[in-house]
Amino acid sequence: MAPVLVLWLAVCLSVTWAVDRGNFKTCDQSAFCKRQRALKPAESPYRALLETMELTNTRLTLQLINDNNKVRLLLELYRLQGNMTRVKINELKPLKPRYEVPDVLIREPPTEPLSLLSQDENGVVLSLGAESQRVIVSARPFRLDIMEGRDVLMSLNSRGLLAFEHLRMRKDTQVEPEAEKKEEGDPANQSETTKEEEEKVEDGMWEETFKSHSDSKPNGPSAVSLDFSLPGVEHVYGIPEHADTLRLKTTDNGDPYRLYNLDVFQYELYNPMALYGAVPVMLAHNAQRTTGIFWLNAAETWVDISSNTAGKTVFGKMLDYVQGSSETPQTDVRWISESGIIDVFIMLGPTPNDVFSQYASLTGTQSFPPLAAVGYHQCRWNYNDQEDVTSVDAGFDEHDIPYDYIWLDIEHTDGKRYFTWDPHKFATPKEMLQGLMDKKRKMVAIVDPHIKVDSNYKIHNEIRSRGFYIKNKDGGDYEGWCWPGSAGYPDFTRADMREWWASMFAYDQYEGSMENLYTWNDMNEPSVFNGPEVTMHKDAVHGAWEHRDVHNLYGFYVQMATAEGLIQRSGGVERPFVLTRAFFAGSQRYGAVWTGDNAAEWEHLKISIPMCLSLGLVGISFCGADVGGFFKSPSTELLVRWYQTGAYQPFFRAHAHLDTPRREPWLFGPENTALIREAVRQRYALLPYWYQQFYHAHRTGQPIMRPLWVEYPQDPATFALDDEFLIGRDLLVHPVTEEGARGVTAYLPGKGEVWFDVQTFQKHNGAQNLYIPVTMSSIPVFQRGGSIIPKKIRVRRASSCMMHDPYTLYVALNPQRTAEGKLYIDDGHTFNYEKKEFIHRRLSFTNNILSSVNLAPDAQFTTQSWIERIVILGASKPSTVTLKTADGKESQLEFDFDASMSVLTLRKPGMNAGVDWNVMLQ
Amino acid sequence: MCCQYILLLLLLGVSGGVSAVEVQRPRGVPLSKRQFYEEDKPFTCLDGSRNIPFDRVNDDYCDCQDGSDEPGTAACPNGSFHCTNAGFRPGFIPSSRINDGICDCCDTTDEYNSGAACQNTCRELGRKERESLQKMAEIAKEGFLLKQQLIQEAKRGLEDKKAKYADVQLSKNEFEKRVEALRTVKETAEQPEKEAKERHLKAWEGKLGCESISPSTVCTEHYITDSIVSLINIFLARLSCLDATYNSSTQTNSLMITRNNSEGAVMQSELFCCSVMLVKEDYILDLLSVCRNLEKEISFDFGPTAEFAYLYSQCYELTSSEYIYRLCPFNRVSQKPKYGGSETNLGTWGQWAGPEDNPYSIMKYEHGTGCWQGPNRSTTIKLTCGKETVLTSTSEPSRCEYLMEFTSPAVCQEPSSLDSVLHEHEEL
């Protein structure tokens with residue numbers, strides 16, 4: 001009886017929905033965070049030694065000294081092209097080199113000359129070039145202030161929280177390294193020969209334990225920390241990944257936001273706990289300016305945020321205003337990392353788009369995916385066998401629902417050996433892939449970075465024999481427990497390892513693969529089931545570095561190597577598609593990201609919006625959440641609402657846990673099948689617009705899915721909105737995320753602007769909160785007056801079937817009766833667009849003339865697609881409509897005018913989508 | 001953009017040769033709707049919503065809300081295209097599949113402008129389908145004959161059971177009378193032995209009257225007199241109608257009972273009591289359960305003509321690469337690892353769960369062993385017509401929800417004339 005009871009209890013407990021917080025560290029349980037957070041704002045012990053200043057064409061260097069311990073630091077200050085300042089601080093003479101993050105920056109950022117404006121014994125003033133921007137270096141105590149005119153834009157170390165734990169010999173073991181090893185962990189061995197003003201040895205400096213795991217810390221304490229003050233700023237964003245609101249909260253009364261890539265089982269919402277990925281980039285915004293801070297450090301990092309207005313009520317703020325309280329709002333931020341150096345990029349905007357392009361110039365832009373990847377993805381853990389795949393594929397045709405990719409999770413492999421297939425369930429993978437290819441569809445198979453330790457497994461043997469595995473602290477291959485049981489973890493920080501890994505995707509290496517097979521990298525935090533916090537021991541060794549130094553980079557490198565493999569297998573012709581769970585700054589260059597193992601709950605649907613918005617702000621546009629929710633089983637209503645939301649998010653994939661009942665779109669009765677079909681078809685009809693957004697993101701670094709404030713930066717009503725969003729500039733989406741909702745209130749931004757409901761064409765004024773009644777049939781989506789959106793409304797079973805189909809242009813007029821949009825067309829899957837093989841046109845409507853103008857005259861591409869229909873919203877009735885093509889021919893177009901909605905539809909103008917033309921309304 | 005006018009050349013596969021017949025109608029229109037598409041007359045959308053000039057039919061622009069003006073192009077999102085598929089079965093496809101580069105109609109007519117290299121496979125498909133229909137019809141024919149036998153057997157079986165039931169009812173009544181009589185005898189016999197019995201009971205550590213002593217415990221430890229054995233055997237004889245399970249249990253008990261006795265009256269009385277217990281606890285219970293089983297079997301839904309009755313108390317197995325699956329119809333489904341390990345219950349009989357027009361095509365087994373973090377296991381059995389009764393496939397589409405296919409002659413329908421089925425598919 002007793003074992004049964006225990007089992008029953010275990011089952012009951014395990015089905016209780018919640019993260020096991022005890023598995024993950026709080027700041028107090030992370031020794032360096034506790035140590036650093038114990039430092040309170042005060043006068044900084046650091047002093048700038050102005051006499052050491054050296055100013056060259058590209059940089060300023062200066063030594064800093066800590067008056068408490070006399071350890072010297074080296075400050076490097078760069079003015080970077082594109083209105084950025086880089087601040088680097090390292091030990092002047094570290095005991096051994098400290099880790100500087102490689103491979104994340106796309107190049108050494110080009111500098112611009114700094115010029116000295118003035119200098120005295122208190123400090124120096126340097127010009128940052130245009131717009132009267134200056135940086136003031138104060139000597140005693142050391143601080144940096146970045147000014148524009150008389151305004152301080154940002155101050156560094158103004159609260160005195162610069163801290164740099166210099167590398168040191170272990171005091172109790174200042175002996176030969178060999179002897180040191182033996183004596184490790186002997187706390188009784190206290191040295192009497194302590195030096196002058198050495199800091200006292202605290203717990204956790206040389207060894208730290210968490211639960212049953214101990215971290216040996218052979219290098220001792222090495223944390224770095226710096227504070228930033230943002231006068232005039234009340235809204236900060238970014239530092240994903242957290243399951244929290246778009247606007248970051250102050251952390252005074254709890255833990256800081258944590259950046260440490262972790263596989264968090266059943267994560268909780270609205271808290272600052274670390275999740276799968278980390279991008280150490282924060283954006284600060286007010287009505288005048290947007291700035292950004294990029295803290296380039298890959299070690300465990302915590303970010304504290306405080307605000308002088310956070311505690312104040314609206315009444316309190318009003319009182320301040322009435323009484324003329326002099327205190328301006330200010331947000332203070334503090335970054336703490338466990339190791340490495342301080343390397344900060346301060347992006348000075350001033351507009352949101354400026355910050356995006358500044359950040360893009362450092363870490364690159366979103367990779368341009370194949371068009372098909374922007375379509376719908378059908379995933380499940382697991383499609384059981386080839387017959388299952390065939391029947392699900394057939395189900396989509398039977399129910400006339402388009403899709404592009406079907407996915408296989410870990411069970412498709414031969415015993416969780418990646419790059420292999422289960423010999424019974426997937427005996428003839430090429431046959432299966434060919435079957436999909438015959439329908440112009442594709443597949444994604446999972447390839448995780450943990451490698452089964454099995455001497456009969458080729459991949460393992462090769463990695464082991466080449467010495468590519470990460471090592472444990474004792475020099476042996478690190479082994480951890482993951483899906484296959486005991487597993488090794490290839491050292492993806494090594495370029496030669498990545499090259500080898502990439503070569504494994506060659507068609508002759510990855511047996512059963514074909515050109516329509518793509519890849520999914522899961523568990524790349526890395527997830528180690530029996531490791532501390534379900535990840536790798538920090539004292540594991542990557543060549544010269546500890547895992548501690550590189551942890552947050554691991555997933556980034558896995559996806560990098562995989563994407564490179566997919567490119568190489570096609571001889572550099574085809575664009576790759578790789579989905580990753582873990583990520584870092586720069587991961588946008590390698591593919592898509594999803595929000596990990598969410599749950600079939602309304603709150604999880606809701607949080608998908610701020611989670612993807614936050615990622616978009618820091619460059620990762622190709623984001624989505626598992627449609628339907630991964631854990632648990634969604635109600636039909638939730639599933640339908642999730643499809644409707646997912647159809648308007650960049651990465652659109654349904655996924656489900658192994659233990660949940662099947663939920664292919666047609667399993668919930670004909671009515672719901674129809675609702676889901678409609679949602680997916682809306683996605684496909686909009687693919688030309690989506691694709692154009694991806695191209696734009698690839699070119700500019702601007703997010704695809706955007707918070708409203710990005711487009712309306714001066715409207716404070718938009719600053720905290722995260723229940724609605726924009727796709728590009730022109731579509732506003734307000735998902736329905738409440739059960740049984742009969743209506744939603746959407747904020748339509750833009751004074752003097754208008755928005756058109758895309759279903760009804762009803763026109764609404766901007767700058768208002770609008771209550772919109774909803775039914776199950778759709779969610780509110782609006783097109784901005786002043787925009788032109790191309791669609792392909794002949795939705796077919798997969799995106800590539802629609803390649804040659806004609807376009808319908810939706811021209812939504814603003815009150816000035818103008819509109820503008822773009823049309824981008826290429827082959828949809830190769831890198832030939834880099835060789836200028838594309839069509840890029842500007843569509844504009846002014847003075848009653850709609851015209852198409854070539855934006856890229858040097859580009860070459862032809863399309864069979866033509867313009868089949870032009871729908872003008874907010875139009876008045878013309879008497880004639882004339883089409884004029886480039887060859888000078890004129891023809892009259894037939895049209896239909898709906899006076900009740902002011903919608904003018906031009907019938908079948910018929911011109912090719914790639915040529916010049918204009919249409920005149922008279 | 002392409003497909004303005006339309007002269008369909010339909011190749012009709014006629015036995016003995018091939019002849020061409022011209023049927024003039026817009027592309028994608030079925031013969032049955034030809035009269036709505038008359039050239040030289042304005043076209044009225046089939047929903048009546050609008051009139052358009054006939055040259056706008058199939059002009060690659062959608063004018064009708066219902067898509068009826070573009071039967072041969074992909075212009076209307078809700079349109080459908082008719083493939084004639086001469087030699088095979090005609091059908092409709094969504095018009096979004098016209099010229100999408102994928103061959104959908106076996107006569108290739110859906111890909112007239114996409115460059116897709118489609119082969120006309122209709123005759124081949126037709127041949128294959130005819131063959132398979134023929135095969136199926138043969139199976140159905142034979143299966144249907146077998147089914148008639150099953151129905152007859154079921155009928156006989158039911159009559160037998162009804163008779164048996166009446167018999168058991170009788171025995172039961174008789175039996176209860178005898179038990180009453182025995183009780184009286186027992187009580188009388190106990191009276192003079194009371195003291196001795198109390199002594200004995202002390203030795204048995206406070207066990208009280210025989211009503212509360214488990215008969216099996218007591219009986220295995222003692223000897224039984226011949227008289228009691230014979231008494232019990234009388235009852236056994238009267239219960240001869242009982243089924244196999246029952247018989248085996250009675251045999252075990254009688255074995256114990258026939259052991260010899262050399263102890264005194266104390267034992268006798270107690271054993272007597274014990275035998276009453278045996279009778280009461282086992283036989284009455286068994287008798288009742290036999291009655292219940294018979295009742296259940298008699299009233300059980302074995303299909304409209306009890307054709308599924310033969311599956312009752314049978315089991316069928318299927319071995320996969322990992323497991324042995326076992327289906328015992330109307331009882332339970334289970335799974336056992338091939339190479340050792342314990343059996344898992346995949347569900348016990350729930351109900352017939354086919355669609356309204358064919359409820360006996362699906363069986364549902366529910367409330368099997370619970371899954372970690374999941375539901376209780378359950379199994380859906382799809383029945384199809386076959387000459388043999390075989391479990392043909394098994395899968396687990398969702399975790400802990402199993403799907404099996406099972407063939408049985410009991411599912412076979414009276415084969416409609418094979419010829420008519422085949423002819424239907426040649427119609428245009």
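**Briefing: pocket, interface and cavities in chains A and B**

The lining of the second largest pocket divides into 23 nonpolar, seven polar and 11 charged residues. This is a predicted model. The pocket has a volume of about 1400 Å³. Residues from chain A and chain B are among those nearest its centre, including Tyr810(A) and Gln65(B). Chain B also contacts chain A through 29 of its own residues, which meet 32 residues of chain A.

**The second largest pocket**

- A total of 41 residues line the second largest pocket.
- Nearest its centre lie Ile793(A), Tyr810(A) and Arg869(A) from chain A, with Gln65(B) and Pro77(B) from chain B.
- Helix α14(A) gives the largest share of this lining, with six residues.
- Helix α14 spans residues 669-685 of chain A.
- Several strands of chain A each supply at least two lining residues: β42 (781-784), β43 (787-791), β48 (867-873), β51 (894-898) and β52 (903-907).

**Where chain B meets chain A**

- The area buried between chain B and chain A is about 2700 Å². Carbon and sulfur atoms give 41% of that area.
- Eight salt bridges are counted between the two chains.
- Side chains of opposite charge can pair when their charged atoms come close.
- In one salt bridge, the side chain of Arg797(A) meets that of Asp104(B), at 2.5 Å from N to O.
- There are 17 residue pairs in polar contact between chain B and chain A, counting pairs with both residues at pLDDT 80 or more.
- On the side of chain B that touches chain A, strand β13 of chain B (residues 390-398) gives the most, with three residues.
- By class, that side of chain B has 12 nonpolar, seven polar and 10 charged residues.

**Enclosed cavities**

- Rolling a probe the size of a water molecule over the atoms shows where empty space is left.
- The model holds 14 cavities of 30 Å³ or more.
- The largest cavity has a volume of about 130 Å³.
- Its lining is made of 15 residues. Nearest the centre of the largest cavity are Lys25(A), His213(A), Asp215(A), Pro532(A) and Lys538(A).
- Strands β12 (208-210) and β13 (213-215) of chain A each give at least two residues to the lining of the largest cavity.
- Six charged, five polar and four nonpolar residues make up the lining of the largest cavity.

**Backbone features in chain A**

- The peptide bond from Arg140(A) to Pro141(A) is cis, with omega near -5°.
- Pro141(A) sits in the loop between β8 (133-138) and β9 (143-148) of chain A.
- A cis peptide bond also runs from Glu525(A) to Pro526(A), with omega near 0°.
- Pro526(A) is in the loop between β28 (517-521) and β29 (541-542) of chain A.
- Val534(A) is likewise found in the loop between β28 and β29 of chain A. Phi of Val534(A) is near 60°, a positive value in a residue other than glycine.

**Salt bridges overall**

- Over all chains, the count comes to 78 salt bridges.
- Arg35(A) and Glu165(A) form one of them, with the closest N and O atoms 2.7 Å apart.
- This pair links distant parts of the chain, 130 residues apart. Arg35(A) is in helix α2 (residues 31-37) of chain A. Glu165(A) is in the loop between β11 (163-164) and α3 (177-183) of chain A.

Key. Residues are numbered from 1 along each chain as its sequence is written. Chains are lettered from A and ligands numbered from 1 in the order in which they are written. This is a predicted model: local features need pLDDT of at least 70, side-chain atom pairs count only at pLDDT 80 or more; totals for chains, interfaces and linings use all residues. Side-chain values use heavy atoms; hydrogens and water are left out. Contact means heavy atoms within 4.5 Å. Buried area is the accessible area (1.4 Å probe) that two parts lose on being put together, summed over both. A salt bridge is a side-chain nitrogen of Lys or Arg within 4 Å of a carboxyl oxygen of Asp or Glu. A polar contact is a pair of N or O atoms within 3.5 Å; within protein, one must be able to donate a hydrogen and the other to accept it, and residues adjacent in sequence count only if both atoms are side-chain atoms. Helices (H or I, at least four residues) and strands (E, at least two) are DSSP runs, numbered from the N terminus. Ala, Val, Leu, Ile, Met, Phe, Trp, Tyr, Cys and Pro count as nonpolar, Asp, Glu, Lys and Arg as charged, and the others, Gly among them, as polar. On a 1 Å grid over the protein atoms alone, a cavity is a set of points where a 1.4 Å probe fits but cannot get out, and a pocket is an open set with protein on both sides within 12 Å along at least five of seven lines; lining residues have an atom within 4 Å of a point. Grid points are joined across faces, edges and corners, and a volume is the space filled by probe spheres set on the points.
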